[in-house]
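Me: I'm new to this one. Can you walk me through it?

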Amino acid sequence: MSVGHTHPRFKTTIVAGVISSVFALNACTYLSSDSGTAQTTQNKKAQHQAEKIVAKMTDDEKLKMLVGAGMAPAQSDVANLGTTVPGVAGYIHGVSDPESGIDLPAARLADGPAGVRIDPSRKNDPHTYYSTAFPTGTLLASTWNTDLIRQVGEAVGNEAKEYGVDFWLAPGMNIQRNPLLGRNFEYFSEDPLVAGMMASAIVEGAQSEGIATTIKHFAANNSETNRYWVNAVVTPRALREIYLRGFQYAVQESHPRALMTSYNSINGKNAGERADLITSVLRHEWGYDGLVMSDWFAGKNPVDLVNAGTDVIQPGGSNVVNQRIGQDLGDWADVVKAGYQSGKISRATLDRNVQHLVSQMLKTPSAAHYSFSSQPDLQSHAQLSRQAADEGIILLKNARHALPLKTSANVASFGITQLNTFKGGTGSGDVHSPYVINIAQGLAQRFTLNPSLQKFYAQYFAANKTVKKGILGISDIVSCPEPAGKLKSLIHQSAKTSDAAVITLGRNAGEDADRRVVRGDYLLSKDELRLIQRVSKAFHAQHKKVIVVLNVTGVTDVSEWRDQVDGIVLAYMPGQETGNAIADILSGDVNPSGKLAQSFPLHYKDVPSAASARNFPGIDENGDGVLDNEYYNEDIYVGYRYYQTFNQPVAYPFGYGLSYTSFDISHATVSANLLKAQSGDQTSPLISLQARVTNTGDTKGKEVAQVYIAAPEVKLKKPATELKAFAKTRMLAPGQSQTIKFDIPAQTLASFDSAHNQWIIEPGTYRAYISSSSDISDIQPVTFSVSQEMVVSQTTPGALALQKGISAASFVTVKK
């Protein structure tokens, strides 16, 4: 049975309708035909116009567009650049030719993904140009609320437009394969469906403001150590099902106007130089019609990048990264021009790439000659940033209802991170925000803080903090150790006079380096452990509560200390409103509804890629002191797919998060099975499920219903379960219910059969668990059947194959 070369587009927004006192929602449904038709019409018009423009351009004008203008170029060095915007990351050259009538303004590109980063101040200018620092990607994903994330996208898109930015270099959506990845904070999840749906939501929101988004880093950029040259060795099936699938969802759901390739190689060839990845898979299989740009200084040879389908090479000039290893081809614009003149780049390729660029540049605010104000509504966007943080913060532990705290409580606030608060990570993902509410400030707005402790920490922080510049001079990295052995008397005094203790612990990270399993990083330092032990002992002796707040970049070990405290709040990096958002949760002004989008293992050694440095971050195999290959030994068993399949206990499972109320998910049913469609049938093949979510507690709140599918194994081995749909309820009052409908398209349900280059749905009985987390041990499944194998789509034969001399058996160690 075949359903042909279908490319379903996915929609996770929830469409609500009132049914008496019960609400009904649809989740993960197809885009409406009207929406798809409008998008197609717009793209075809832009492509047709681009073809006419490119036909009038000279070869020199075309060639100039293929390479950026360099780092921090003069205004005159950027073709047809209008007003400059200090602090943008790069440009795409425009064209101005009165003779041919072409007036295509240059495009300005600005970093993200937690907001728009430009210079906040300018020489001889009294005005400021701050941007809102939104929560980082991991916290946004923890909301599981695509409608809210779409609003965040709209706000970022508006700020970009009003500051004169055309392309926002975000969102980042690589898979959180290993907890130590330095840029995990920028990314959404270990799961491709969550990553793809969150990216789609933020893309749709931002592009609704007229700017272009840039999904990145394509693909398998899952470590930062030697990120420029490491080779990801990964099976085609794992690439398709895990590392590319989120990008596929985003491309087909939200039509991002740009995509950025990654630094690393994949199976022996640089990602941006792989025609099978950039052209065959991305464009021919997925139908992508946007432009493709390289990451900054990515790639080994600009001619190969152009031929593979990388439309514009950034940032331009000489490749300073490759110069580090003695490879200097000179100015890459000159190399590209010479390649064209020698015939290594054909005219057809030149025209193809330039048409991709022009068709997207025609949609920019600059092309529309938009008069930007440099005055976005930062006040309302700050409120939205706080709302997103509120909804993403996760309550991991709440023993004996330790939380919420009464606002009349006298709170003893411990931990240097209450002052050295992390709004986000470092590097290109940083944002210059107008302010950051630190955690002590936020708590002080809700509670009475112990004044002796506050005085001590303020003086200690002022005397012991250090500040250094991060990569590219973007971030001011502030560090300060926990005070060692200086709090004994204050701990005992505050235990007598305060009603509860809040201990804040922090971790920061950024690009160009991965984290390590050492004390003070993945593991708590001895001083942090001692602080928890002493505070817990003193406060528990007085029958008082101890809460730990984690203001961290990502997964941090909890197994050593979680049993000593009463409550754990995982805040990740909540943006400029960090302190206020955390106080919202601790006070109960906001009922926590965040859910983990990444698993918390019991121990780092339990992570499937942790068995050897060969697997992460990679291994030096030729003795030159540089990591050469990173072997994806766990294959398709990433994150919860591994922990569930191989019965590995975790500290907190994927999808988990507590509330101050309780919920019941009931009445799960299969409402329609349309997975029997024959080839040529006009019915979209999908499975429809529904369930009722009821607030059974005494506090209003929101719940996330998650659909995990256990598929039969015929030809292909599979994870025990996989997330295939999700939806977040609206705010439910005590006793209120909401019915949620999930439409899961065939493409989402399918597995990749690499032996036959097909996405297939295998025959047999499928079990669907509608749950509040990936822990489905107490969930009764509903079942549906597929009578015979369905071929959902064909793929490019041999694409993304392992390099010669390497077999899956030589590196895949996790298998059923």
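Me: Let's start at His369. Is that residue buried or exposed?

Reply: His369 is exposed, because its relative accessible area is 54%. Buried means under 20% relative accessible area, exposed over 50%, and partly exposed in between, with a 1.4 Å probe and protein chains only.

Me: Before we go on, what kind of model is this, and what should I know about the numbering?

Reply: This is a predicted model, where local features need pLDDT of at least 70 and side-chain atom pairs count only at pLDDT 80 or more, while totals for chains, interfaces and linings use all residues. Residues are numbered from 1 along each chain as its sequence is written, and side-chain values use heavy atoms, leaving out hydrogens and water.

Me: Back to His369. Where does it sit?

Reply: His369 is in the loop between helix H12 (347–361) and helix H13 (378–392). Helices (H or I, at least four residues) and strands (E, at least two) are DSSP runs, numbered from the N terminus.

Me: And what about the phi of His369?

Reply: It is positive, about 55°, although His369 is not a glycine. Most residues other than glycine have a negative phi.

Me: How do E9 and E10 pair?

Reply: Strand E9 (residues 121–122) and strand E10 (residues 125–128) pair in the antiparallel sense over two bridges. Two strands pair if DSSP finds at least two bridges between them. They form a hairpin with two residues between them.

Me: What does Arg122 face in E10?

Reply: Arg122 stands opposite Asp125.

Me: Is Ile118 buried or exposed?

Reply: Ile118 counts as buried, because its relative accessibility is 2%. Contact means heavy atoms within 4.5 Å. Not counting residues up to four places away in sequence, Ile118 touches several residues, including Val85, Tyr129, Tyr163 and His432.

Me: How far is Ile118 from Val85?

Reply: They are 33 residues apart in sequence and 7.4 Å apart in space, C-alpha to C-alpha.

Me: Where is the cis bond that involves Pro404?

Reply: It runs from Leu403 to Pro404, with omega near 0°. Pro404 lies in the loop between strand E18 (394–398) and strand E19 (410–414).

Me: New topic. How many residues of helix H7 are buried?

Reply: Ten of the ten residues of H7 (residues 245–254) are buried, so H7 is largely enclosed by the rest of the structure. H7 is followed by His255, whose phi is positive, near 55°.

Me: And helix H6?

Reply: H6 (residues 236–243) is mostly covered, with eight of its eight residues buried. Among them are Arg237, Arg240 and Glu241.

Me: What does His217 do with Tyr187?

Reply: Their side chains are joined by a polar contact of 3.0 Å. A polar contact is a pair of N or O atoms within 3.5 Å; within protein, one must be able to donate a hydrogen and the other to accept it, and residues adjacent in sequence count only if both atoms are side-chain atoms. His217 is found in strand E12 (residues 212–218). His217 counts as buried, because its relative accessibility is 1%.

Me: Last topic. Which domains are assigned?

Reply: The assignment gives domain 1 (55–368), domain 2 (393–590) and domain 3 (658–810). Such bounds come from an automatic or database domain assignment. The C-alpha centres of domain 2 and domain 3 lie 37 Å apart.

Me: What is the strand order in the open sheet of four strands?

Reply: The order is E32-E31-E36-E37, with antiparallel pairing. The edge strands are E32 (722–728) and E37 (782–786), and each pairs on one side only. Six bridges join E31 (residues 704–710) to E32, and Ile709 stands opposite Glu722 in E32.
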